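Welcome! Take a moment to look over the chain, and then we can walk through a few of its features together.

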Amino acid sequence: MLVMGVAVTSDEFDTTFNLNYDDNSVKEFPFTYKNWWKWSIMNWGDIRTPYHFEQCGASNNWNSSQIFQLSLSIPSRAALKSITLPQTADTPDRLHIFAVSITPSVVPASALTIPVLSVRSAQFSTRWVNVNGQRAQAVAITLANLLPGSIALPKSAYKYEIEVIGEGLTMVTPGMVYRLVPADQARFDVLVFNNNSTGNATVRVTDSRGNMVGTSEGWPIMPLRETWTADESVLATHEPPTWWNQAKYGIFIHWGVFSVPAWGPAYEYAEWYNWYLHTPANCSSETWVHHLHTYGPDVVYDDFIANFTASKWNASAWLDLFDDAGAKYFVIVTKHHDGYSLFDTKDTTHRSSVHLHPHRDFVRELMETAKAEKPNLHRGTYYSLAEWFNPYYSKYGFDRWPGGLAHNAFNASEVEPYTGMLDITDYVEDLQYPHMLSLALDYGTEIMWCDIAGSNKTLEFAAHFYNNAAQNGHQVIMNDRCGAVPDYDTPEYAKFGSLATRRWETNEGMDPDSYGYNTATNASEYKNGTTIIQTLVDVVSKNGNYLLDVGPTAEGEIIAPMADNLLAAGKWLKYAGECVYATDYWYQASQDPSGSFRFLTTPQTFCIVGFNKPTNRSVVVNAGGAVLPIQQGDAIRLLGPNSPGVLSDDTKSVAQGLEWRMDEDGVLIIDVPKDQVDQVDYAWAFQVSYAST
């Protein structure tokens with residue numbers, strides 16, 4: 001196992017190390033990590049400082065500096081001799097390694113028949129589960145098998161039960177590990193009732209016969225937090241809730257006044273129409289030229305408000321689509337950078353769909369309909385903390401969010417209206433902060449998905465958000481664009497080359513270049529079922545969630561090329577979702593060296609998802625030296641519309657499965673009939689069910 005403290009000087013750093021072994025073999029080791037500072041998305045490292053030096057210490061850069069920690073598995077079929085770092089001398093990227101720690105495998109003096117276990121971590125989390133009306137705290141455990149991959153254990157399933165004991169703790173639900181091969185790790189929760197204990201806990205491991213096979217002492221007990229205060233040190237302990245970790249797939253919705261012009265050139269966001277109309281306000285802007293030719297010089301952006309009709313909008317139809325697409329949550333844009341809101345902004349501003357045309361509270365209608373009709377869908381809200389042209393924002397403005405009224409794009413001597421604006425004293429105190437509180441307290445959002453950051457009162461907001469959720473029996477989450485204490489990272493249109501142990505969620509449009517509806521996009525350009533499913537599986541295998549955006553029309557319709565492709569992906573998830581939802585990344589590898597397969601785990605299953613259609617009635621899986629957690633007696637199924645074999649009971653034993661074998665190098669060969677292969681589209685999910693003990 002390799003643990004590094006790192007930072008890089010590009011937004012996301014994707015490279016490879018070379019692992020050099022004493023048998024003269026060399027393996028490439030993929031590596032992805034983040035910039036040590038970045039605006040406006042907030043990076044959040046394990047070590048944080050308020051600034052970093054520039055010009056040899058002559059000045060300070062007040063962007064917070066971050067050092068990240070990452071733990072990865074190194075294939076161990078042969079002894080590691082050295083690691084060759086990536087060459088970056090001729091690239092703009094730089095990799096800064098502050099520390100490296102390697103945990104060696106345990107090479108026994110004689111043949112072993114059982115794993116060598118090590119409790120890598122035991123963290124008392126802020127997550128909880130309601131058990132008979134009482135909150136049971138989740139203790140996150142990581143258990144490792146320190147044997148090297150060169151040691152093949154005899155046939156066994158090695159089921160383990162893990163308990164956490166200590167003064168003031170009552171066991172509720174132990175953790176269970178059903179398979180732990182050499183060089184692998186298992187992550188799971190143990191549930192305890194914690195009576196405000198603050199001592200140390202002991203992790204106790206017993207085998208399937210009830211024999212204690214190991215203990216690990218001295219793990220600090222942290223009481224389950226009941227009250228949140230507006231302190232960074234307190235709020236920084238907040239974690240993504242279990243429901244979000246297991247959901248994996250959500251739908252983003254960009255809808256607003258920008259859906260009226262609904263246009264943008266390639267590689268520009270259509271929802272940024274108002275910005276690109278004014279920046280620059282001349283013929284070098286394709287949006288400016290389009291507007292002049294389409295609407296003429298006398299139409300300003302706010303004139304589009306009258307045409308934002310939502311005349312065909314049906315909240316139930318949207319939610320049916322999201323549900324049938326296989327999504328587990330949604331996030332609706334409640335206010336974008338143009339300042340027009342889709343909820344009741346009360347007397348902070350009347351620049352909203354409630355006070356202006358079409359005089360409807362779309363956020364409330366969607367949230368209330370979801371609660372009544374789709375309680376299985378978690379509800380989220382996007383909110384832009386900044387506004388391009390709000391005059392009250394000029395005090396806080398920066399870069400592409402300057403604040404101040406826009407000058408007319410075709411007559412710079414005139415300023416454009418900011419329809420609905422009311423007199424206030426301070427943008428953050430009187431508009432931004434009340435909006436965020438209202439979305440949390442009045443609308444009951446479970447996901448606060450901010451954008452742009454900048455000046456904010458996020459610490460005060462987060463305390464209210466978390467306390468209100470706890471009082472109402474919910475667990476909520478906040479992203480990394482609120483300016484403080486993020487729960488997870490949100491890169492855009494991003495795919496990583498390796499897993500990231502910090503929770504993340506990539507977001508991107510069905511459109512290849514835009515979130516808002518863009519009439520310049522051809523129907524064939526929208527993501528199809530293959531792209532959606534393979535992106536989702538790839539992201540999930542690397543510890544991420546996938547937030548896929550739709551851009552409805554001004555009338556409120558999600559056009560057929562988007563809807564049909566979402567539904568096509570949803571059909572796959574109906575029969576293969578067991579290899580997506582509630583899965584975990586595989587510690588040894590997220591993908592094979594060729595990139596053809598992705599690997600995911602659950603406590604009692606292992607999933608191999610192939611991106612290439614199997615040919616010649618067989619599938620060959622080479623994990624690149626990682627030890628596949630598959631043993632004789634396990635059953636393998638191809639998940640499809642008519643998958644043979646039924647999971648019989650809670651032992652997860654399978655009555656029928658595919659023929660398979662594994663060679664001496666650990667390469668897996670699965671025989672799969674052509675008729676089963678042909679029933680499946682987009683990706684081929686082979687689910688390994690562990691033999692019962």
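## Domains and the meeting of domain 1 and domain 3

This is a predicted model. In it, the centres of domain 1 and domain 3, taken over C-alpha atoms, are separated by 32 Å. Where the two touch, domain 1 brings 16 residues and domain 3 brings 22 residues to the contact. To find them on the chain, look at the domain assignment: domain 1 covers 2-102, domain 2 covers 117-224, domain 3 covers 248-579 and domain 4 covers 586-689.

How much area is buried between domain 1 and domain 3? The size of an interface is often given as the accessible area lost when the parts come together. Here the buried area is about 1500 Å², and carbon and sulfur atoms give 61% of it.

## A look at the domain 1 side

Which elements give two or more residues to the side of domain 1 that touches domain 3? They are β2 (12-21), β3 (26-34) and β7 (65-72). The largest share of that side comes from β3, which gives five residues.

Between domain 1 and domain 3 the count of salt bridges is zero.

## Salt bridges in the whole structure

Side chains of opposite charge can pair when their charged atoms come close. Searching the whole structure turns up 27 salt bridges. One of them joins R127 and E239, whose closest N and O atoms are 3.8 Å apart. R127 sits in strand β10 (residues 117-131), while E239 is in the loop between α1 (232-235) and α2 (242-247), so this pair ties together parts that lie 112 residues apart in sequence.

## Disulfides

A disulfide is a covalent bond between the sulfur atoms of two cysteines. The count for this model comes to two disulfides. One of these is formed by C450 and C482, with their sulfur atoms 1.9 Å apart. You will find C450 in strand β23 (residues 447-451) and C482 in the loop between β24 (477-478) and β25 (504-509); the pair links distant parts of the chain, 32 residues apart.

Why is this disulfide of C450 and C482 called right-handed? The torsion about its S-S bond is about 85°, and therefore the disulfide is right-handed.

Most residues other than glycine have a negative phi, and most peptide bonds are trans.

The peptide bond from T279 to P280 is cis, with omega near -10°. P280 belongs to the loop between α3 (273-278) and α4 (286-294). Another cis peptide bond joins H357 and P358, where omega is about 5°. For P358, look in the loop between β19 (329-335) and α6 (362-373).

Finally, visit Y267, a residue other than glycine with a positive phi, near 70°. Y267 is placed in the loop between β18 (249-253) and α3.

Terms used. Residues numbered from 1 in each chain as written. Predicted model: local features only at pLDDT ≥ 70, side-chain atom pairs only at ≥ 80, totals over all residues. Heavy atoms only, no water. Domains from an automatic or database assignment. Contact = heavy atoms within 4.5 Å. Buried area = accessible area lost by both parts, 1.4 Å probe. Salt bridge = Lys/Arg side-chain N within 4 Å of Asp/Glu carboxyl O. Helix = DSSP H or I, 4+ residues; strand = E, 2+ residues; numbered from the N terminus. Disulfide = S-S within 2.5 Å.
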